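User: I would like to learn how to read the features of a structure step by step, beginning with the packing of helices. Could you take me through this one?

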Amino acid sequence: MTVAVRRAAEVAPDANGRIRSISEREFALFQTLILRETGIFLAPAKKALLVGRLSKRLRALDLPSFGAYYTRIVDEDDRDERLQMFDCISTNETHFFREPRQFEFLEHRVIPAWKERGAPRVLRVWSAGCSTGEEPYSLAMMLLHHFPPGSGRQIEILATDLSTRVLARAEAAVWPLDKAPEIPMAYRKAYMLRGTASQEGNMKAAPEIRALVRFDRLNLNDERYPVRGPFHLIFCRNVLIYFQMETKLRVIHRLLDVLAPDGLLFLGHAESLNAVTDRVATVVPTVYTHAKPKGAGAPGRPEARTA
């Protein structure tokens, strides 16, 4: 650590006990660390966001400056606090059945095609960047509705995220009732339990869908993913927008490595792989599959276009 940052670590809070603004040098250090560890790029315009999200950790640890916090997680190698920092910088906005057109495509095009030609005996799905669980449980509800017990099909959903904090909430599978309108009524009645007593005002996922989902922490910036493919569906939505092109390409290729030959990769509405990689073909906007030799259509799906 440089002398300049060590001196910054000795600066005290102001008279009102507030943390001083982060210096350009300190911001650059956090920017480099976060990019290296998570692949998330914080542009200079994100300085205020970083200050807002990390200030509570400085207060919790009674540290006088961002330089002192950087020393804590780097020079003192506080791994638990580093995970806390990742939790703070993660953006976790999500909804049930978010981006409805993708779920409509899944229900009206993909699932009927599976039924027509014979769905895989084990349907394997990966929700990469699952946040507080709305996405994997949305998938669990839809798939269980179409492939109930006795259908001869088994459903396995892996849900991963960088943040341990949101994973804990996802595993608890409890949400406020004001999120209920996001769920179609038939699914809500079948798969959500209304809270009573201390849980009044909340709802919880029913055991039959909780049993389908396994949660684990995974950093998409890691060199290798400790997951076992192939997956028939991979949802990695509104994650790539935080990566620079080099990281984005690396993540996409690792996801494709565990995508089944006829599998589908779902991205967010603001994300596109056009001109990013020649390993994918577009099925419908924001939904991709492996690129196939020219003239070789994808059975059971609309003909894919090279991205």
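This is a predicted model: local features need pLDDT of at least 70, side-chain atom pairs count only at pLDDT 80 or more; totals for chains, interfaces and linings use all residues.

Analyst: Helix axes are lines fitted to C-alpha atoms over the stretch in contact, and the angle between two of them runs from 0 to 180 degrees between N-to-C directions.

User: How do α2 and α3 cross, and within what distance do their axes come?

Analyst: The axes of α2 and α3 cross at roughly 80° and come within 11 Å. Angles of 65 to 115 degrees count as roughly perpendicular, and α2 is therefore roughly perpendicular to α3.

User: Which residues make the contact between α2 and α3, and what are their classes?

Analyst: From α2 the contact draws on Glu24, Phe27, Phe30 and Ile34, while α3 supplies Lys47, Leu50 and Leu54. Sorted by class, the contact of α2 with α3 has 5 nonpolar and 2 charged residues, with no polar ones.

User: How should I read a nonpolar core, and how many residues has the largest one here?

Analyst: A nonpolar core joins buried residues of nonpolar type through side-chain atoms within 4.5 Å. The largest such core in this model has 47 residues, and those with the most contacts inside it are Phe30, Trp126, Leu220, Leu255 and Leu265. Among the elements that give two or more residues to this core are the helices α2, α3 and α11 and the strands β1, β7 and β8. A second, separate core has 45 residues, including Leu139, Leu143, Trp175 and Tyr187.

User: What does Leu265 touch, beyond residues up to four places away in sequence?

Analyst: With those residues not counted, Leu265 touches Ile234, Ile252, Leu255, Leu256, Leu259, Leu273, Thr286, Val287 and Tyr288.

User: Where is Val251 found, and how far is Val251 from Tyr225 in sequence and in space?

Analyst: Val251 is found in helix α11, where its relative accessible area of 0% makes it buried. Val251 and Tyr225 are 26 residues apart in sequence, and their C-alpha atoms are 9.9 Å apart in space. Val251 touches Tyr225, and also Leu220, Leu240 and Phe243, when residues up to four places away in sequence are not counted.

User: Which backbone details deserve a separate look?

Analyst: Another is a positive phi in a residue other than glycine, as at Asn238, where phi is near 60°. Asn238 is found in the loop between β7 and α11 and is buried, with a relative accessible area of 13%. Ala173 likewise has a positive phi, of about 60°, although Ala173 is not a glycine. Ala173 has its place in the loop between α8 and β3 and is buried at 0% relative accessible area.

User: How many disulfides does the count give?

Analyst: A disulfide requires a pair of cysteine sulfur atoms within 2.5 Å, and by this rule the count comes to 0 disulfides. As for burial of cysteines, Cys88 is buried, with a relative accessible area of 11%, and Cys130 also counts as buried, at 1%.

Key
Residues are numbered from 1 along each chain as its sequence is written. Side-chain values use heavy atoms; hydrogens and water are left out. Buried means under 20% relative accessible area, exposed over 50%, partly exposed in between (1.4 Å probe, protein chains only). Helices (H or I, at least four residues) and strands (E, at least two) are DSSP runs, numbered from the N terminus. Contact means heavy atoms within 4.5 Å. Angles under 35 degrees count as roughly parallel, over 145 as roughly antiparallel, 65 to 115 as roughly perpendicular and the rest as oblique. Ala, Val, Leu, Ile, Met, Phe, Trp, Tyr, Cys and Pro count as nonpolar, Asp, Glu, Lys and Arg as charged, and the others, Gly among them, as polar.
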